[in-house]
Amino acid sequence: MAPPLRIVVGEDQALVREGVVRMLERAGLTIAGVAADATELVRLTRDQRPDVVITDIRMPPRLADDGLRAAMEIRVAEPGIGVIVLSQYLEDRFVLELVGDRADGVGYLLKEKVSHPEVLIDAVRRVAAGRSALDPDVIARLVGRKRADSPLGTLTPREGDVLALMAEGRSNGGIAERLVVSVAAVERHVTGIFTKLGLDPSDADQHRRVLAVLRYLRG
């Protein structure tokens, strides 16, 4: 049996921090450390090398986007560590900055959704596995900004649905379950997406999934 995932939590509000920690512990995950400011979060992550870091966007010392900046620093310094950012508001700029040029191992969730433990735990497991975990509302907002000349416009409505669920970090099996179709049907749609977006067939499928999600988010 694999050891439980190790998590570092960054949150300056004690009640919220304790709530997140309890959710994770009840799911059998290990808390490797907690931090109340962005500087401590980066230090703890460097020292503990957890599987996943969860952080609020707005943290001390400036109470601005310090948590986001810490998350971005961690992604650069420790690319093997998954990062999930929690936000009170849906801010497109923050999502795109966090994702950068790597859509793997990253999550962005609205805090209101994290009140449901299964949402947070599912996101942690996806990010730890190297997939993305982007809030569906975030994805829907970004879709509305797509340019008319984007190659995404060549996708069928069903291919768009599949790509949106890929951006949430779902596997082909998870997409099939959500759309109530067969895994084989999802695989056909994924192949069509790769072709229409001009992704090189010689690349590994996981790499093409990451590239497809990046193109989806950027339009």
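Predicted model: local features only at pLDDT ≥ 70, side-chain atom pairs only at ≥ 80, totals over all residues.
Local features need pLDDT of at least 70, side-chain atom pairs count only at pLDDT 80 or more, and totals for chains, interfaces and linings use all residues. Residues are numbered from 1 along each chain as its sequence is written, and side-chain values use heavy atoms, with hydrogens and water left out.

Q: Why are helix 2 and helix 3 called roughly parallel?
A: Helix 2 (residues 38-48) and helix 3 (residues 66-77) pack at about 20°, with axes 9 Å apart. Angles under 35 degrees count as roughly parallel. Helix 2 and helix 3 are therefore roughly parallel to each other.

Q: What makes the contact between helix 2 and helix 3?
A: Contact means heavy atoms within 4.5 Å. Helix 2 brings A38, L41, V42 and T45, and helix 3 brings D66, G67, A70, E73 and I74. These contact residues divide into 5 nonpolar, 2 polar and 2 charged. Gly counts as polar here; Asp and Glu count as charged.

Q: What makes up the lining of the largest pocket?
A: Lining residues have an atom within 4 Å of a pocket point, on a 1 Å grid. L109, K113, V119, D122, A123, R126, A133, L134, D135, P136, E168 and R170 line the largest pocket. Helix 5 (117-128) gives the largest share, 4 residues. Strand 6 (133-134) also gives two or more.

Q: How many residues of each class line the largest pocket?
A: The lining has 6 nonpolar, no polar and 6 charged residues. About 150 Å³ of space lies in this pocket.

Technical notes:
Axes fitted to C-alpha atoms, helices over the stretch in contact; angles between N-to-C directions. Parallel < 35°, antiparallel > 145°, perpendicular 65-115°, else oblique. 1 Å grid on protein atoms, 1.4 Å probe; cavity = no way out; pocket = protein on both sides within 12 Å on 5 of 7 lines; lining within 4 Å. Points joined across faces, edges and corners; volume = space filled by probe spheres on them.
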